[in-house]
Amino acid sequence: MRLKFLILMLFALSISLAQGKVGKIDFIEYDLPNGLHVILHEDHSSPIVAVDIWYYVGSKNEDPNRTGFAHLFEHMMFQGSANVKKAEHMAYIQKAGGTFNGSTNWDRTNYFQVVPSNQLELVLWLESDRMMSLNVNQENLDNQREVVKEERRWRVDNRPYGTQWEETFKRLFKEHPYRWPVIGYMEHLNAATLEEVKRFFDTYYVPNNAVLVIAGDIDVEKTKKLVEKYFGDIPRGRYEIKRPNIFEPPLTQQVRDTIYDNIRLPAVFIAFKVPRDGEKDFYALDLLANILGSGRSSRLYQKLVYEKRIAQNVNVYAIGMEDAGVFKIDAYCSIGHTPEEVEREIWEEIERIHNELVSERELQKAKNQTESQVISGYQTILQKADQLAHYYVIHKNTNEINQELDKILAITREDIRESANKYLKPENSVVLHYLPKEQRASK
């Protein structure tokens, strides 16, 4: 009986997804005189509101000798401001029954809160207070610097395969700031001075470098007045905001290296430099990543894990950034097998993609999964707020939220083969073999 019920529920969900294509997401957007871009989305389906503020600053805006500042401020922003004591921001949100967090990547930093809609004014006060008067002092710098350093030890230095992202990116990108890790280098965090950190805040955490998205159970006109009340008198930044405008030369030959790590199973990581998020070729390669390595029914999982049993796991994904994209294949070897074996099979499958069209069934499955992910990705107010900010900051067109899915669904099998032939080739790749440290000692 339970099995029958589960099947019926799954069938109902599939029908609802099939019938419930993403409807048009309505929004209004405007600028305050100080440059703050505001996006409002009204949705009364539940009595909550999401406030999501994106600062157009990520690791790519950093000084090459002072990396990690954008991520450092993800922590610093909760250390108090003129009218809010240290850690009080979090306490206010929790007492109001809300949730909060922040994140940083190569291109932007964001801070978000979801609260009952009658607490909107509280959140706007908190966000405006730290935008205007964050406590950037020596005590806060010292303690949050140590927090970030510990996070780096945990996420990167002391985690098996933890360095593979920065080892890959620094070989893919020789000129562009994507070449250093978002979390930064330990020596740069240690060397950071209070004056440098203050200058970074005063340059980038200003209204003319931010987009404020408010989505949910709001009255638009009342919300506009609240935004003006709390953000209207914050002055524009006084420093020039510099955007990287760096030409990254294409790779002309394959980059290969071996990394000895504190691991037990060898692994192979292959990465290709591909077009930026929003380009047609990126959409085609994103669908191909799904076909090759998303889930257990994907081509490489079936071939490497089930059939040949030379890998324990494999994943393929396309990473879209503002200035470039990365197509990445991660494969972890089975006991007794080598990266060379696994890599050979991966290149054979890529060659097959070059020469044969993917099947209609494979492409339709990838499109179905993408459509399902997009639809489910708009099920919460916060998800919609985050996507509105994403399309404004990264795509330079907020209405892409209503257009991108159609562009993806229009991709053909021929488009996928053409994109693969242009970008998934050895001379455009970085290949890293990860081996246990003991193997280096034995050589």
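1. Of the contacts in the protein chain with a separation of 6 or more, 81% are between residues 24 or more positions apart. Please keep in mind while reading that this is a predicted model.

2. Now the overall dimensions. The protein chain has a radius of gyration of 24 Å, which agrees with the value near 22 Å that a compact globule of 443 residues would have. Along the principal axes, its C-alpha atoms fill a box of roughly 65 × 55 × 45 Å. The chain contains 17 helices and 11 strands.

3. Buried residues account for 53% of the 443 residues. The accessible surface of the protein chain is about 20600 Å², and carbon and sulfur atoms contribute 50% of that.

4. Two helix pairs deserve a look, and here is the first. Helix H2 (residues 69-76) packs on helix H8 (residues 194-204) at an angle of about 85°, with 11 Å between the axes. H2 and H8 are therefore roughly perpendicular to each other, as angles from 65 to 115 degrees count as such. On the H2 side the contact is made by Phe69, Ala70, Leu72, Phe73 and Met76, and on the H8 side by Glu196, Val197, Phe200 and Phe201. By class, that contact has 8 nonpolar residues, no polar ones and 1 charged.

5. The second pair is helix H10 (residues 280-293) with helix H16 (residues 413-423), whose axes are 9 Å apart and meet at an angle of about 100°. That makes H10 roughly perpendicular to H16. From H10, the residues in contact are Lys280, Asp281, Ala284, Leu285, Leu287, Leu288 and Ile291, and they meet Asp415, Ile416, Ser419, Ala420, Lys422 and Tyr423 in H16. The contact of H10 with H16 divides into 8 nonpolar, 1 polar and 4 charged residues.

6. Which residues of H11 are buried? They are Arg299, Leu300, Tyr301, Lys303, Leu304 and Val305, so do notice that an arginine and a lysine are in this list. The cover over the buried residues of H11 includes H10, strands S9 (311-320) and S10 (325-333), and helices H12 (339-355) and H13 (360-376).

7. A few backbone angles are worth checking by eye. Most residues other than glycine have a negative phi. After H11 comes arginine 309, with a positive phi near 55°. Tyrosine 161 also has a positive phi, near 65°, and lies in the loop between helix H5 (138-157) and helix H6 (164-172). Lysine 396 is not a glycine either, yet its phi is positive at about 65°; this lysine lies in the loop between helix H14 (381-393) and helix H15 (404-409).

8. Lysine 396 has 48%, which makes it partly exposed.

9. Lastly, a phenylalanine on the outside. Phenylalanine 247 lies in the loop between helix H9 (220-231) and strand S7 (255-261). Its relative accessibility is 65%, and residues over 50% count as exposed, so phenylalanine 247 is exposed.

Technical notes: Residues are numbered from 1 along each chain as its sequence is written. This is a predicted model: local features need pLDDT of at least 70, side-chain atom pairs count only at pLDDT 80 or more; totals for chains, interfaces and linings use all residues. Side-chain values use heavy atoms; hydrogens and water are left out. Axes are lines fitted to C-alpha atoms, for helices over the stretch in contact, and angles run from 0 to 180 degrees between N-to-C directions. Helices (H or I, at least four residues) and strands (E, at least two) are DSSP runs, numbered from the N terminus. Angles under 35 degrees count as roughly parallel, over 145 as roughly antiparallel, 65 to 115 as roughly perpendicular and the rest as oblique. Contact means heavy atoms within 4.5 Å. Ala, Val, Leu, Ile, Met, Phe, Trp, Tyr, Cys and Pro count as nonpolar, Asp, Glu, Lys and Arg as charged, and the others, Gly among them, as polar. The radius of gyration is taken over C-alpha atoms; the globule rule is 2.2 Å times the number of residues to the power 0.38. Buried means under 20% relative accessible area, exposed over 50%, partly exposed in between (1.4 Å probe, protein chains only). Accessible areas come from the Shrake-Rupley method with a 1.4 Å probe; for residues, only the protein chains shown count as cover.
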